[in-house]
Amino acid sequence: MSRVGRSPIPVPQGVTVALEDGAVTVTGPQGKLARRLPQGITVTREGDVLSVARSDDEREQRALHGLTRSLVANMVTGVTQGFSKELEIVGVGYRANARSPQAIELALGFSHPVVVDAPDGISFEVPAPTRIVVRGIDKELVGQVAADIRKIRKPEPYKGKGVRYAGERVLRKAGKAAK
């Protein structure tokens, strides 16, 4: 049995979990998330604890067991606390401006500013011109939006300029050797 899959998911106060046929809906103070369950995976509730079970020991079911448990646990955490990813901008003249909580404007060395609009459920904060915070209740969506922003101007290996995750180390290369 999967070590991740068999561990229970505690449901805190103020969170309601609805289990319909093949779907889980979690509602909390931050919002509401829903997800379809894979075929053969079931979620049951006993008191304030959710359990994830699989129908058989086939390879695919074993693979999906721990994944489904992690996804449901992330849904519970998302509607109670939310998730955030922090990005750093490195480079002379590179900066971010908040147009609104739903849009940011990035100056990343292109001939034009790049405007990034947030999808539903995501908000941006710009605490400093070189820092961006992506917030939301869906962990998968927060990570994807942060990766899309990073993809606009990845950190380059020679000077390290670009957009990177907070705390990310960029492997630097040596430049040309002088004669």
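# Reading the terms in a predicted model

Tutor: Leaving out residues up to four places away in sequence, R150 touches P155, V163, R164, Y165 and E168. Before we go on: this is a predicted model, where local features need pLDDT of at least 70, side-chain atom pairs count only at pLDDT 80 or more, and totals for chains, interfaces and linings use all residues. Residues are numbered from 1 along each chain as its sequence is written, and side-chain values use heavy atoms, with hydrogens and water left out.

Student: What makes something a contact here?

Tutor: Heavy atoms have to be within 4.5 Å. So R150 meets that test with V163 and Y165, among others.

Student: Why does R150 count as buried?

Tutor: Buried means under 20% relative accessible area, exposed means over 50%, and partly exposed is in between (1.4 Å probe, protein chains only). R150 has 18%, so it's buried. You'll find R150 in helix α3, residues 139-152.

Student: How do you know which strands pair?

Tutor: DSSP must find at least two bridges between them. Six bridges join β5 to β6 (residues 49-54), so those two pair, running antiparallel. With β1 they form an open sheet of three strands, in the order β1-β6-β5.

Student: Why are β1 and β5 said to stand at the edges?

Tutor: Each has a single partner strand, so one side of each is left without a neighbour in the sheet.

Student: What lies across those strands, and at what angle to β6?

Tutor: Helix α2 (residues 59-80) does, at about 160° to β6. Axes are lines fitted to C-alpha atoms, for helices over the stretch in contact, and angles run from 0 to 180 degrees between N-to-C directions.

Student: Why are Q61 and R69 called buried?

Tutor: Same test as before. Q61 has 9% and R69 has 15%, so both count as buried. Both sit in α2. Setting aside residues up to four places away in sequence, the contacts of Q61 include I41 and R54, and I41 stands opposite R54 in β6. With neighbours within four places set aside too, R69 is in contact with residues including V4, I9 and V52.

Student: What makes a group of residues a nonpolar core?

Tutor: The members must be buried Ala, Val, Leu, Ile, Met, Phe, Trp, Tyr or Cys, joined through side-chain atoms within 4.5 Å. In the largest core, of 20 residues, I89, L106, F124, I132, V134 and I149 touch the most other members. The largest share, four residues, comes from α3. Another core lies apart from it, with 19 residues, among them L50, A73, V76 and I137.
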